[in-house]
Amino acid sequence: MSKIKGALVIDTDRCKGCGLCIVACPTKTLALTTNEVNHKGYAFCQEVNDTCIGCASCAIVCPDGCISVYRKKVE
Amino acid sequence: MTREDIIQPENLVYQKPRLLNDMTMHYCPGCSHGVVHKLIAEVIDEMGMQDHSIGISPVGCGVFAYRYIDIDWQEAAHGRAPALATACKRLWPDRLVFTYQGDGDLAAIGTAETIHALNRGENITIIYINNAIYGMTGGQMAPTTLEGMKTVTCPYGRDPKIHGYPLNMSEIAAQLKGTAYVSRQSVHSVPAIRKAKKAIRKAFELSMQGKGSNLIEIVATCSSGWKLPPVKANKWMEENMFDFYKVGDLKDIDKE
(Lines give C-alpha, C1' and ligand atoms only; values in the text may rest on other atoms or scores of the structure.)
Protein backbone atom coordinates (compact mmCIF):
# COMPACT_ATOMS: atom_id res chain seq x y z
CA MET A 1 0.00 0.00 0.00
CA SER A 2 1.38 3.37 -0.92
CA LYS A 3 1.70 5.96 1.77
CA ILE A 4 0.49 9.53 1.50
CA LYS A 5 2.55 12.36 2.91
CA GLY A 6 1.45 15.92 3.36
CA ALA A 7 3.17 19.20 4.04
CA LEU A 8 1.87 22.56 5.24
CA VAL A 9 2.91 26.10 4.46
CA ILE A 10 1.63 28.35 7.22
CA ASP A 11 1.36 32.12 6.84
CA THR A 12 2.48 32.80 10.42
CA ASP A 13 2.03 36.57 10.12
CA ARG A 14 -1.64 36.10 9.25
CA CYS A 15 -2.24 33.50 12.00
CA LYS A 16 -4.10 34.71 15.10
CA GLY A 17 -3.47 31.61 17.20
CA CYS A 18 -7.13 30.63 17.62
CA GLY A 19 -6.17 26.95 17.79
CA LEU A 20 -9.09 25.62 15.71
CA CYS A 21 -6.68 23.87 13.32
CA ILE A 22 -5.03 22.03 16.20
CA VAL A 23 -8.36 20.51 17.25
CA ALA A 24 -9.35 19.71 13.65
CA CYS A 25 -6.09 17.85 12.87
CA PRO A 26 -6.60 14.06 13.08
CA THR A 27 -2.86 13.29 13.39
CA LYS A 28 -1.83 15.88 16.02
CA THR A 29 0.60 17.53 13.63
CA LEU A 30 0.03 21.10 14.76
CA ALA A 31 0.64 23.07 17.94
CA LEU A 32 0.87 26.69 19.00
CA THR A 33 4.26 28.22 19.68
CA THR A 34 5.08 28.56 23.36
CA ASN A 35 8.04 30.95 23.29
CA GLU A 36 7.55 32.93 20.10
CA VAL A 37 4.92 35.38 18.77
CA ASN A 38 4.30 36.95 15.36
CA HIS A 39 4.46 40.69 14.66
CA LYS A 40 0.92 41.17 15.99
CA GLY A 41 1.76 39.46 19.27
CA TYR A 42 -0.15 36.23 18.68
CA ALA A 43 1.29 32.79 19.36
CA PHE A 44 1.03 31.09 15.97
CA CYS A 45 0.49 27.51 14.86
CA GLN A 46 3.30 25.37 13.49
CA GLU A 47 4.00 21.79 12.46
CA VAL A 48 5.48 19.92 15.42
CA ASN A 49 5.27 16.34 14.14
CA ASP A 50 6.13 14.81 10.80
CA THR A 51 2.74 13.08 10.64
CA CYS A 52 0.82 15.25 8.18
CA ILE A 53 -1.33 13.28 5.71
CA GLY A 54 -2.48 16.29 3.71
CA CYS A 55 -6.18 15.94 4.59
CA ALA A 56 -6.58 19.75 4.64
CA SER A 57 -8.88 19.73 7.70
CA CYS A 58 -6.76 22.40 9.35
CA ALA A 59 -6.88 24.64 6.29
CA ILE A 60 -10.65 24.24 5.86
CA VAL A 61 -11.46 25.27 9.44
CA CYS A 62 -8.89 28.10 9.54
CA PRO A 63 -10.92 31.33 9.66
CA ASP A 64 -8.07 33.40 8.28
CA GLY A 65 -6.95 31.17 5.44
CA CYS A 66 -3.37 30.91 6.75
CA ILE A 67 -2.66 27.33 5.69
CA SER A 68 -1.76 25.90 2.27
CA VAL A 69 -1.76 22.09 2.06
CA TYR A 70 0.33 19.90 -0.24
CA ARG A 71 -0.07 16.14 -0.63
CA LYS A 72 2.01 13.53 -2.43
CA LYS A 73 1.99 9.74 -2.73
CA VAL A 74 5.18 8.10 -1.48
CA GLU A 75 6.31 5.38 -3.91
CA MET B 1 11.19 12.28 0.43
CA THR B 2 11.99 15.77 1.61
CA ARG B 3 9.56 18.55 2.45
CA GLU B 4 10.64 20.40 -0.69
CA ASP B 5 9.56 17.45 -2.87
CA ILE B 6 6.05 17.63 -1.44
CA ILE B 7 5.71 21.41 -1.60
CA GLN B 8 5.31 21.67 -5.37
CA PRO B 9 2.47 23.42 -7.25
CA GLU B 10 1.17 20.13 -8.68
CA ASN B 11 0.70 18.68 -5.17
CA LEU B 12 -1.37 21.59 -3.86
CA VAL B 13 -4.70 20.45 -2.36
CA TYR B 14 -5.93 23.52 -0.52
CA GLN B 15 -4.97 27.16 -0.22
CA LYS B 16 -6.56 30.50 0.65
CA PRO B 17 -9.32 31.18 -1.92
CA ARG B 18 -8.14 33.22 -4.89
CA LEU B 19 -10.77 35.94 -4.33
CA LEU B 20 -9.78 36.50 -0.71
CA ASN B 21 -7.11 39.19 -0.74
CA ASP B 22 -3.98 39.44 1.40
CA MET B 23 -5.35 41.98 3.85
CA THR B 24 -5.50 40.47 7.36
CA MET B 25 -9.09 40.31 8.55
CA HIS B 26 -10.03 42.44 11.54
CA TYR B 27 -12.08 39.65 13.14
CA CYS B 28 -11.16 38.23 16.54
CA PRO B 29 -9.18 34.96 16.57
CA GLY B 30 -11.40 32.01 15.72
CA CYS B 31 -14.35 34.08 14.46
CA SER B 32 -16.80 32.23 12.20
CA HIS B 33 -16.97 35.24 9.86
CA GLY B 34 -13.59 34.30 8.38
CA VAL B 35 -14.76 30.81 7.40
CA VAL B 36 -17.93 32.17 5.79
CA HIS B 37 -15.88 34.76 3.87
CA LYS B 38 -13.72 31.92 2.56
CA LEU B 39 -16.79 29.92 1.50
CA ILE B 40 -18.33 32.87 -0.35
CA ALA B 41 -15.03 33.57 -2.12
CA GLU B 42 -14.71 29.90 -3.12
CA VAL B 43 -18.29 29.60 -4.38
CA ILE B 44 -18.15 32.80 -6.45
CA ASP B 45 -14.82 31.71 -7.94
CA GLU B 46 -16.17 28.22 -8.78
CA MET B 47 -19.23 29.77 -10.42
CA GLY B 48 -16.97 32.08 -12.44
CA MET B 49 -18.96 35.11 -11.25
CA GLN B 50 -16.12 37.31 -9.98
CA ASP B 51 -16.94 40.13 -12.40
CA HIS B 52 -20.70 39.70 -12.05
CA SER B 53 -21.23 39.64 -8.29
CA ILE B 54 -22.40 42.42 -6.01
CA GLY B 55 -22.17 41.93 -2.27
CA ILE B 56 -24.02 44.19 0.14
CA SER B 57 -22.11 44.57 3.39
CA PRO B 58 -23.96 45.36 6.62
CA VAL B 59 -23.32 47.36 9.74
CA GLY B 60 -21.85 45.16 12.46
CA CYS B 61 -18.74 43.04 12.58
CA GLY B 62 -19.18 42.16 8.90
CA VAL B 63 -19.00 45.83 7.90
CA PHE B 64 -15.54 45.48 6.35
CA ALA B 65 -16.46 42.44 4.24
CA TYR B 66 -15.85 44.67 1.19
CA ARG B 67 -12.18 44.90 2.11
CA TYR B 68 -11.53 41.18 1.96
CA ILE B 69 -13.36 39.62 -1.01
CA ASP B 70 -12.32 40.85 -4.42
CA ILE B 71 -15.76 41.52 -6.00
CA ASP B 72 -18.05 44.57 -6.25
CA TRP B 73 -19.55 45.71 -2.98
CA GLN B 74 -22.09 48.22 -1.70
CA GLU B 75 -22.27 49.35 1.91
CA ALA B 76 -25.80 49.63 3.28
CA ALA B 77 -27.20 51.68 6.14
CA HIS B 78 -27.85 49.66 9.29
CA GLY B 79 -30.33 46.87 8.51
CA ARG B 80 -31.12 48.13 5.02
CA ALA B 81 -29.01 45.65 3.06
CA PRO B 82 -31.99 43.70 1.60
CA ALA B 83 -33.52 46.96 0.32
CA LEU B 84 -30.23 47.91 -1.36
CA ALA B 85 -29.88 44.38 -2.75
CA THR B 86 -33.38 44.69 -4.21
CA ALA B 87 -32.33 47.84 -6.06
CA CYS B 88 -29.09 46.29 -7.34
CA LYS B 89 -30.80 43.12 -8.56
CA ARG B 90 -33.62 45.00 -10.29
CA LEU B 91 -31.18 47.31 -12.06
CA TRP B 92 -28.70 44.54 -12.99
CA PRO B 93 -30.73 41.33 -13.32
CA ASP B 94 -27.69 39.47 -14.68
CA ARG B 95 -25.67 40.08 -11.50
CA LEU B 96 -25.34 37.72 -8.56
CA VAL B 97 -26.54 39.87 -5.66
CA PHE B 98 -26.20 38.81 -2.06
CA THR B 99 -26.24 40.48 1.34
CA TYR B 100 -23.99 39.54 4.22
CA GLN B 101 -25.62 40.36 7.56
CA GLY B 102 -25.30 39.56 11.22
CA ASP B 103 -28.15 38.97 13.64
CA GLY B 104 -28.03 42.52 15.03
CA ASP B 105 -28.42 43.89 11.51
CA LEU B 106 -30.90 41.38 10.08
CA ALA B 107 -32.99 40.32 13.07
CA ALA B 108 -33.11 43.60 15.00
CA ILE B 109 -33.05 46.90 13.11
CA GLY B 110 -33.54 45.28 9.69
CA THR B 111 -36.32 42.79 10.48
CA ALA B 112 -38.91 44.60 8.36
CA GLU B 113 -36.61 45.00 5.33
CA THR B 114 -35.58 41.36 5.53
CA ILE B 115 -39.10 39.95 5.79
CA HIS B 116 -40.47 42.18 3.03
CA ALA B 117 -37.57 41.52 0.64
CA LEU B 118 -37.92 37.77 1.20
CA ASN B 119 -41.70 37.93 0.85
CA ARG B 120 -41.48 39.89 -2.41
CA GLY B 121 -39.40 37.04 -3.81
CA GLU B 122 -36.52 39.24 -4.89
CA ASN B 123 -33.91 37.06 -6.60
CA ILE B 124 -31.25 37.71 -3.99
CA THR B 125 -29.45 35.64 -1.38
CA ILE B 126 -29.20 36.73 2.23
CA ILE B 127 -26.29 35.27 4.20
CA TYR B 128 -27.25 35.61 7.84
CA ILE B 129 -24.59 35.10 10.51
CA ASN B 130 -26.35 34.34 13.78
CA ASN B 131 -24.21 34.32 16.90
CA ALA B 132 -27.03 35.28 19.30
CA ILE B 133 -25.27 38.40 20.54
CA TYR B 134 -24.28 41.93 19.50
CA GLY B 135 -20.61 41.15 18.97
CA MET B 136 -19.29 44.43 17.57
CA THR B 137 -20.63 46.67 20.34
CA GLY B 138 -19.36 44.50 23.19
CA GLY B 139 -21.66 41.51 23.72
CA GLN B 140 -25.10 42.95 24.51
CA MET B 141 -28.35 40.98 24.34
CA ALA B 142 -29.75 40.63 20.82
CA PRO B 143 -33.24 39.52 19.73
CA THR B 144 -31.67 36.14 18.92
CA THR B 145 -30.09 35.64 22.37
CA LEU B 146 -31.16 32.29 23.83
CA GLU B 147 -33.32 31.98 26.92
CA GLY B 148 -31.09 31.91 30.01
CA MET B 149 -28.01 33.02 28.03
CA LYS B 150 -25.87 35.55 29.88
CA THR B 151 -24.76 38.75 28.13
CA VAL B 152 -23.51 42.14 29.28
CA THR B 153 -27.03 43.58 29.34
CA CYS B 154 -28.71 40.50 30.87
CA PRO B 155 -26.06 39.33 33.35
CA TYR B 156 -28.47 36.92 35.06
CA GLY B 157 -29.49 35.29 31.79
CA ARG B 158 -32.24 36.22 29.33
CA ASP B 159 -35.61 36.03 31.09
CA PRO B 160 -38.56 35.81 28.65
CA LYS B 161 -40.82 37.56 31.20
CA ILE B 162 -38.69 40.69 30.97
CA HIS B 163 -36.84 40.41 27.65
CA GLY B 164 -39.19 38.37 25.49
CA TYR B 165 -38.38 35.26 23.50
CA PRO B 166 -35.54 34.65 21.01
CA LEU B 167 -36.45 35.46 17.40
CA ASN B 168 -36.10 32.67 14.85
CA MET B 169 -35.85 34.46 11.50
CA SER B 170 -35.31 31.37 9.34
CA GLU B 171 -38.52 29.73 10.58
CA ILE B 172 -40.40 32.92 9.65
CA ALA B 173 -38.69 33.06 6.25
CA ALA B 174 -39.57 29.43 5.51
CA GLN B 175 -43.26 30.30 5.77
CA LEU B 176 -43.09 33.14 3.23
CA LYS B 177 -44.23 32.39 -0.31
CA GLY B 178 -41.44 34.43 -1.88
CA THR B 179 -38.58 32.31 -0.58
CA ALA B 180 -37.05 29.56 -2.70
CA TYR B 181 -34.48 28.12 -0.34
CA VAL B 182 -34.08 28.60 3.40
CA SER B 183 -31.34 26.68 5.15
CA ARG B 184 -29.60 26.82 8.50
CA GLN B 185 -25.97 25.69 8.63
CA SER B 186 -22.94 26.06 10.85
CA VAL B 187 -19.18 26.22 10.28
CA HIS B 188 -17.70 24.59 13.40
CA SER B 189 -16.31 21.40 11.80
CA VAL B 190 -15.08 20.15 8.42
CA PRO B 191 -18.33 18.30 7.49
CA ALA B 192 -20.43 21.28 8.60
CA ILE B 193 -18.30 23.64 6.51
CA ARG B 194 -18.73 21.43 3.43
CA LYS B 195 -22.51 21.39 3.90
CA ALA B 196 -22.59 25.16 4.40
CA LYS B 197 -20.66 25.64 1.18
CA LYS B 198 -23.15 23.47 -0.73
CA ALA B 199 -26.04 25.47 0.72
CA ILE B 200 -24.46 28.79 -0.27
CA ARG B 201 -23.81 27.49 -3.80
CA LYS B 202 -27.40 26.27 -4.13
CA ALA B 203 -28.79 29.59 -2.91
CA PHE B 204 -26.64 31.57 -5.36
CA GLU B 205 -27.70 29.31 -8.23
CA LEU B 206 -31.41 29.56 -7.39
CA SER B 207 -31.16 33.34 -7.20
CA MET B 208 -29.53 33.40 -10.65
CA GLN B 209 -32.29 31.14 -12.02
CA GLY B 210 -34.88 33.63 -10.77
CA LYS B 211 -36.63 31.17 -8.47
CA GLY B 212 -37.03 33.60 -5.57
CA SER B 213 -35.25 34.85 -2.51
CA ASN B 214 -32.88 32.69 -0.48
CA LEU B 215 -31.84 32.83 3.15
CA ILE B 216 -28.80 30.98 4.45
CA GLU B 217 -28.48 31.25 8.21
CA ILE B 218 -25.07 30.33 9.60
CA VAL B 219 -25.13 29.59 13.32
CA ALA B 220 -21.85 31.13 14.39
CA THR B 221 -19.71 31.72 17.43
CA CYS B 222 -18.63 34.98 19.04
CA SER B 223 -15.75 34.01 21.29
CA SER B 224 -15.18 37.59 22.47
CA GLY B 225 -18.86 38.25 23.19
CA TRP B 226 -19.41 34.88 24.82
CA LYS B 227 -16.11 35.29 26.70
CA LEU B 228 -14.86 31.84 25.74
CA PRO B 229 -11.74 30.67 23.88
CA PRO B 230 -12.52 29.77 20.21
CA VAL B 231 -12.42 25.98 20.71
CA LYS B 232 -14.70 26.16 23.77
CA ALA B 233 -17.02 28.58 21.94
CA ASN B 234 -17.53 25.98 19.20
CA LYS B 235 -18.32 23.38 21.85
CA TRP B 236 -20.73 25.72 23.63
CA MET B 237 -22.48 26.36 20.34
CA GLU B 238 -22.88 22.64 19.68
CA GLU B 239 -24.28 22.04 23.17
CA ASN B 240 -26.58 25.04 23.47
CA MET B 241 -27.36 26.75 20.17
CA PHE B 242 -28.38 23.72 18.10
CA ASP B 243 -31.32 22.90 20.39
CA PHE B 244 -33.09 26.11 19.42
CA TYR B 245 -31.44 26.78 16.05
CA LYS B 246 -31.73 23.37 14.43
CA VAL B 247 -29.34 22.84 11.53
CA GLY B 248 -30.76 21.75 8.17
CA ASP B 249 -32.91 22.83 5.22
CA LEU B 250 -36.13 24.55 6.27
CA LYS B 251 -37.51 25.14 2.78
CA ASP B 252 -36.40 23.89 -0.62
CA ILE B 253 -38.45 24.85 -3.68
CA ASP B 254 -36.90 21.99 -5.69
CA LYS B 255 -38.35 19.41 -3.33
CA GLU B 256 -41.89 20.79 -3.23
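Reader: Which residues does B:Phe244 touch, not counting residues up to four places away in sequence?

Author: Glad you asked; first, this is a predicted model, in which local features need pLDDT of at least 70, side-chain atom pairs count only at pLDDT 80 or more, and totals for chains, interfaces and linings use all residues. Residues are numbered from 1 along each chain as its sequence is written, while chains are lettered from A and ligands numbered from 1 in the order in which they are written. Two residues are in contact if their C-beta atoms, placed from the backbone, lie within 7 Å. With residues up to four places away in sequence left out, B:Phe244 touches B:Leu146 and B:Pro166.

Reader: Thanks! Is B:Phe244 buried, partly exposed or exposed?

Author: B:Phe244 sits in helix 11 of chain B; helices here are DSSP runs of H or I with at least four residues, strands are runs of E with at least two, and both are numbered from the N terminus. A residue is buried if 20 or more other C-beta atoms, placed from the backbone, lie within 10 Å of its own, exposed if 12 or fewer, and partly exposed in between. Because B:Phe244 has 15 C-beta neighbours inside 10 Å, B:Phe244 counts as partly exposed.

Reader: Where does helix 11 of chain B bend?

Author: Helix 11 of chain B has 15 residues and reaches 21 Å from its first C-alpha to its last, close to the 21 Å expected at 1.5 Å a residue. That expected span is 1.5 Å times one less than the number of residues. The bend at a residue is the angle between axes fitted to the seven residues ending there and the seven starting there. On that definition, helix 11 of chain B bends by about 35° at B:Glu238.

Reader: Which helix of chain A do the buried residues of helix 11 of chain B pack against?

Author: The buried residues of this helix are B:Pro230, B:Ala233, B:Asn234, B:Met237 and B:Met241. Within chain B, they pack against strand 7 (213-219) and helix 10 (223-226). From chain A, they are joined by helix 1 (20-24).

Reader: How many residues does helix 2 of chain B give to the side of chain B that touches chain A?

Author: The contact takes 28 residues from chain B and 28 residues from chain A. Helix 1 (3-6), strand 1 (12-14), helix 2 (32-47), helix 9 (190-208) and helix 11 (230-244) of chain B each supply at least two residues of the chain B side. Helix 2 of chain B gives the most, with 4 residues.

Reader: And how many residues on that side of chain B are nonpolar?

Author: Ala, Val, Leu, Ile, Met, Phe, Trp, Tyr, Cys and Pro count as nonpolar, Asp, Glu, Lys and Arg as charged, and the others, Gly among them, as polar. The side of chain B that touches chain A has 7 polar and 4 charged residues, while the nonpolar ones number 17.

Reader: Which residue is the bridge partner of A:Val69 in strand 1 of chain B?

Author: Two strands pair if DSSP finds at least two bridges between them. Strand 4 (residues 67-74) of chain A and strand 1 of chain B pair in the antiparallel sense, over 2 bridges. In that strand of chain B, A:Val69 has as its bridge partner B:Tyr14.

Reader: What pattern does chain A follow along the sequence, and what is its radius of gyration?

Author: Chain A holds 2 helices and 4 strands, in the order β-α-β-β-α-β. The globule rule is 2.2 Å times the number of residues to the power 0.38, with the radius of gyration taken over C-alpha atoms. For 75 residues the rule gives 11 Å, so chain A is as compact as a globular protein of that length, its radius of gyration being close to that value at 12 Å.

Reader: Moving into chain B, which residue stands opposite B:Ile56 in strand 3?

Author: Strand 2 (residues 53-57) of chain B is mostly covered, with 5 of its 5 residues buried. Strand 2 of chain B runs parallel to strand 4 (residues 96-102) of chain B, over 4 bridges, and B:Ile56 has B:Thr99 as its bridge partner there. Strand 2 is also joined by 4 bridges to strand 3 (residues 72-75) of chain B, in parallel. In strand 3, the residue opposite B:Ile56 is B:Gln74.

Reader: Last one: what share of the residues in chain B is buried?

Author: Chain B has 11 helices and 8 strands. Its radius of gyration is 18 Å, which agrees with the value near 18 Å for a compact globule of 256 residues. Of those 256 residues, the buried share is 50%.
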